[in-house]
Amino acid sequence: MEASEVPVATVTQRSQKSVESQVGRIYEGFAKLPPDAQFRMLELKRENHIDYLKGGLRQLPSSFCILDALRPWVCFWNLHSSALLGESVDDQLQNNIVDFLSRCQDPNGGYGGGPAQMPHLATTYAAVCSLVTLGGHKALSSINRSEMYMFLRQMKHPSGGFRIHDGGEIDVRACYAAISVASILNILDDELVQNVGNYILSCQTYEGGISAEPGTEAHGGYTFCGVATMIMINQVNQLDLPRLIDWLVFQQGKECGFKGRTNKLVDCCYSFWQGGTFALLQRACSTIDQQLVIPVGGNTFKVNFNDIGHNFVKRRVEMEPLFDGRALQLYLLLCSQEENGGLKDKPGKSRDFYHTCYALSGLSLSQHIWSDDESLLMPRAVLGPYSNLLEPIHPLFNVVLERYHEARDFFTTFWLSNIIVL
């Protein structure tokens with residue numbers, strides 16, 4: 001390069017500078033306000049968010065037709081966000097959602113993106129988590145567990161991974177969807193777990209994060225899916241955890257939020273995908289060498305996979321958070337929150353149900369990440385008014401913890417009693 005030549009910024013560099021500038025102006029304006037005005041700006045607009053979410057469960061405009069194959073996801077994003085805010089749906093709407101999801105359930109197991117659509121592991125996860133979030137006998141008993149198990153077996157690939165649907169791609173997302181659904185429904189066994197760990201290990205990259213499939217780029221969403229799956233199958237200690245953590249900590253930038261990949265822009269949804277991985281490692285690292293086993297006979301032991309998810313949230317949090325949770329809350333409340341309800345990717349973007357769901361999930365994690373006893377929060381864990389406090393989630397499944405426990409009890413005691421009666 002000649003001495004007189006000026007380097008030309010790339011598109012990525014220009015976009016990054018633009019976002020930093022927008023976020024910087026928001027923070028500078030906030031810093032100049034008196035304390036009482038700052039306190040008001042940090043308020044979570046709870047009622048406005050609830051109104052926005054309720055509208056998404058009742059009637060969507062025609063522009064949403066592009067999400068026709070994702071309708072269980074729309075249910076989950078709205079139901080889970082409402083549950084995080086402490087809001088439930090009325091009985092009629094709950095019945096309507098259960099009936100709709102039942103029509104999405106394939107007779108041979110799994111859920112499609114809509115009625116009569118091909119069953120798909122991603123929409124199966126969304127449908128099951130929606131029904132767990134609704135809770136109650138009608139919702140939980142609507143899931144055909146025996147056919148679900150057969151569907152999961154059919155999606156199993158010899159590589160150890162899972163196909164996302166019949167003839168579809170094999171990736172870490174599919175592994176997470178299959179294993180998490182099986183864990184929630186209490187049907188996880190050796191056949192489903194076989195070689196899953198080896199497949200996910202093949203997706204850990206030189207950076208330390210986990211990619212969608214072998215040979216591709218480390219990504220926040222797939223990293224969460226990979227780590228959560230490895231915990232559920234009791235193999236997280238096989239990952240290169242120091243390198244994984246090293247990659248993770250550099251994903252929180254000067255904007256205070258997380259990005260999903262190296263050299264990408266901040267995005268509020270990664271407050272869950274990246275922040276959630278930290279929440280998993282806080283518990284996993286402290287007990288990484290423990291084996292969750294049950295006696296089979298004599299000196300033989302067998303891993304009880306279905307208890308791992310249940311016992312995981314009982315583990316003590318012995319490792320301090322490795323990210324700045326209050327800074328993350330600052331980004332979510334000032335840069336992602338819309339005054340009239342809903343949350344958005346970043347300044348300059350529009351609100352949507354997806355980003356609202358995962359921004360609120362990340363907000364909940366950052367509020368609760370210091371404590372292993374949800375009744376004993378650290379005094380400064382919640383940024384802004386204490387009314388900002390959201391319901392805690394199960395970090396493996398991203399469902400409200402109370403709803404998970406109800407489902408856990410149902411799929412153990414209820415189904416066990418049915419077997420005994422039969």
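**Exercise 1. The chain as a whole**

Among contacts in the chain between residues at least 6 apart in sequence, what percentage join residues at least 24 apart? State also the secondary-structure content and the buried share of the chain.

*Solution.* The model is a predicted one. Of the contacts between residues at least 6 apart in sequence, 72% join residues at least 24 apart. The secondary structure of the chain consists of 18 helices and six strands. The chain has 422 residues, and 55% of them count as buried.

**Exercise 2. The packing of H4 and H6**

Describe how helix H4 (residues 71–84) and helix H6 (residues 121–134) are arranged, and classify the residues in their contact.

*Solution.* 
Step 1, geometry. The axes of H4 and H6 come within 8 Å and cross at roughly 35°. The handedness of this crossing is left-handed.
Step 2, residues. From H4, the contact involves Pro 72, Trp 73, Cys 75, Phe 76, Leu 79, His 80 and Ala 83. Their partners in H6 are Ala 122, Thr 123, Tyr 125, Ala 126, Ala 127, Cys 129, Ser 130, Thr 133 and Leu 134.
Step 3, classes. The contact of H4 with H6 comprises 12 nonpolar and four polar residues, with no charged residues.

**Exercise 3. A cavity and its lining**

How many cavities of 30 Å³ or more does the structure hold, and which residues line the second largest cavity?

*Solution.* 
Step 1, count and volume. There are two cavities of 30 Å³ or more. The volume of the second largest cavity is about 30 Å³.
Step 2, lining. Ser 183, Ile 184, Asn 186, Asn 306, Tyr 404 and Arg 408 line the second largest cavity. Helix H9 (172–184) and helix H18 (401–421) each supply at least two residues of this lining.
Step 3, classes. The lining of the second largest cavity divides into two nonpolar, three polar and one charged residues.

Notes: Residues are numbered from 1 along each chain as its sequence is written. This is a predicted model: local features need pLDDT of at least 70, side-chain atom pairs count only at pLDDT 80 or more; totals for chains, interfaces and linings use all residues. Side-chain values use heavy atoms; hydrogens and water are left out. Axes are lines fitted to C-alpha atoms, for helices over the stretch in contact, and angles run from 0 to 180 degrees between N-to-C directions. Helices (H or I, at least four residues) and strands (E, at least two) are DSSP runs, numbered from the N terminus. A crossing is left-handed if the near helix is turned anticlockwise from the far one by less than a right angle, and right-handed if clockwise. Contact means heavy atoms within 4.5 Å. Ala, Val, Leu, Ile, Met, Phe, Trp, Tyr, Cys and Pro count as nonpolar, Asp, Glu, Lys and Arg as charged, and the others, Gly among them, as polar. On a 1 Å grid over the protein atoms alone, a cavity is a set of points where a 1.4 Å probe fits but cannot get out, and a pocket is an open set with protein on both sides within 12 Å along at least five of seven lines; lining residues have an atom within 4 Å of a point. Grid points are joined across faces, edges and corners, and a volume is the space filled by probe spheres set on the points. Buried means under 20% relative accessible area, exposed over 50%, partly exposed in between (1.4 Å probe, protein chains only).
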